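Subject: Structure handover

Hello,

Here is the structure I promised to pass on. Please open it alongside the notes below.

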Amino acid sequence: MGVRQIFIKNLKFYRKKAGLTQEKLAEAIGMSTAYIGDMEARERFPSAETIDKIAEALNISPRILFDEDCCPECLKEKFSEKYGRTLQEELSARILKEITEVCASI
């Protein structure tokens, strides 16, 4: 996953976690709602100064916006890439195996 993708996923996750709409985040950092929308749509990438403002508005460290281990969506994709299936599929397979083993022992 590329830096932009990680940034966008983290931005969306932490914006929503903070309870902010695109409009409210835009107001907090002195930008337009369209600018936030463009960032989240991968049409624009913010400057370092804007990244600092975003992090401050979200009450997080700027580095978190680039950490692929900080967002559940990023972790899910990383897990899927590494293991070839989703976490839900992996857990379902394990549960089914456990049930089968218990039923076989009865």
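This is a predicted model: local features need pLDDT of at least 70, side-chain atom pairs count only at pLDDT 80 or more; totals for chains, interfaces and linings use all residues.

Residues are numbered from 1 along each chain as its sequence is written, and side-chain values use heavy atoms, with hydrogens and water left out.

Helix packing

Helices here are DSSP runs (H or I, at least four residues), numbered from the N terminus. Axes are lines fitted to C-alpha atoms over the stretch in contact, and angles run from 0 to 180 degrees between N-to-C directions.

Helix H1 covers residues 3–17 and helix H4 covers residues 48–58; their axes lie 10 Å apart at an angle of about 30°. The two helices are therefore roughly parallel to each other (angles under 35 degrees count as such). Their crossing is left-handed, which means that the near helix is turned anticlockwise from the far one by less than a right angle. On the H1 side the residues are Phe7, Leu11, Tyr14 and Arg15, and on the H4 side they are Ile51, Ile54 and Leu58. Contact here means heavy atoms within 4.5 Å. By class, the H1 and H4 contact holds six nonpolar residues, no polar ones and one charged. For these classes, Ala, Val, Leu, Ile, Met, Phe, Trp, Tyr, Cys and Pro count as nonpolar, Asp, Glu, Lys and Arg as charged, and the others, Gly among them, as polar.

Helix H2 (residues 22–29) also packs on H4: the axes come within 9 Å and cross at roughly 115°. This crossing is right-handed (the near helix is turned clockwise from the far one). From H2, Leu25, Ala28 and Ile29 meet Thr50, Lys53, Ile54, Ala57 and Leu58 of H4. That contact has six nonpolar residues, one polar and one charged.

Salt bridges

A salt bridge is counted when a side-chain nitrogen of Lys or Arg is within 4 Å of a carboxyl oxygen of Asp or Glu. The count comes to four. Three of them are described here, with accessibility given as relative accessible area: buried is under 20%, exposed is over 50%, and partly exposed is in between (1.4 Å probe, protein chains only).

- Glu40 and Arg15 meet through their side chains at 2.7 Å, N to O. Glu40 sits in helix H3 (residues 33–40) and Arg15 in helix H1, so the pair ties together parts that are 25 residues apart in sequence. Both residues are buried. Arg15 is also one of the H1 residues that meet H4.
- Glu49 and Lys53 form a salt bridge at 3.6 Å, N to O. Both belong to helix H4 and are four residues apart, about one turn of the helix. Glu49 is exposed, at 55% relative accessible area, and Lys53 is partly exposed, at 36%. Lys53 is also among the H4 residues that meet H2.
- Arg63 pairs with Asp67, with the closest N and O atoms 3.4 Å apart. Arg63 is exposed, at 53%, and Asp67 is partly exposed, at 23%.

Positive phi angles

Arg42 is a residue other than glycine with a positive phi, near 65°. Its place is in the loop between H3 and H4, and at 49% relative accessibility Arg42 counts as partly exposed. Asn59, likewise not a glycine, has a positive phi of about 60°. Asn59 lies in the loop between H4 and helix H5 (72–83) and is exposed, at 70% relative accessible area.

Two further residues

Met31 is in the loop between H2 and H3 and is partly exposed, at 29%. Apart from neighbours within four places in sequence, Met31 is in contact with Ala26 and Thr50. Met31 and Thr50 are 19 residues apart in sequence, and their C-alpha atoms are 9.0 Å apart in space. Thr50 is also among the H4 residues that meet H2.

Glu90 lies in helix H6 (residues 87–105) and is buried, with a relative accessible area of 17%. Glu90 and Ser80 are ten residues apart in sequence and 9.7 Å apart in space, C-alpha to C-alpha.

Regards

Key. Angles under 35 degrees count as roughly parallel, over 145 as roughly antiparallel, 65 to 115 as roughly perpendicular and the rest as oblique.
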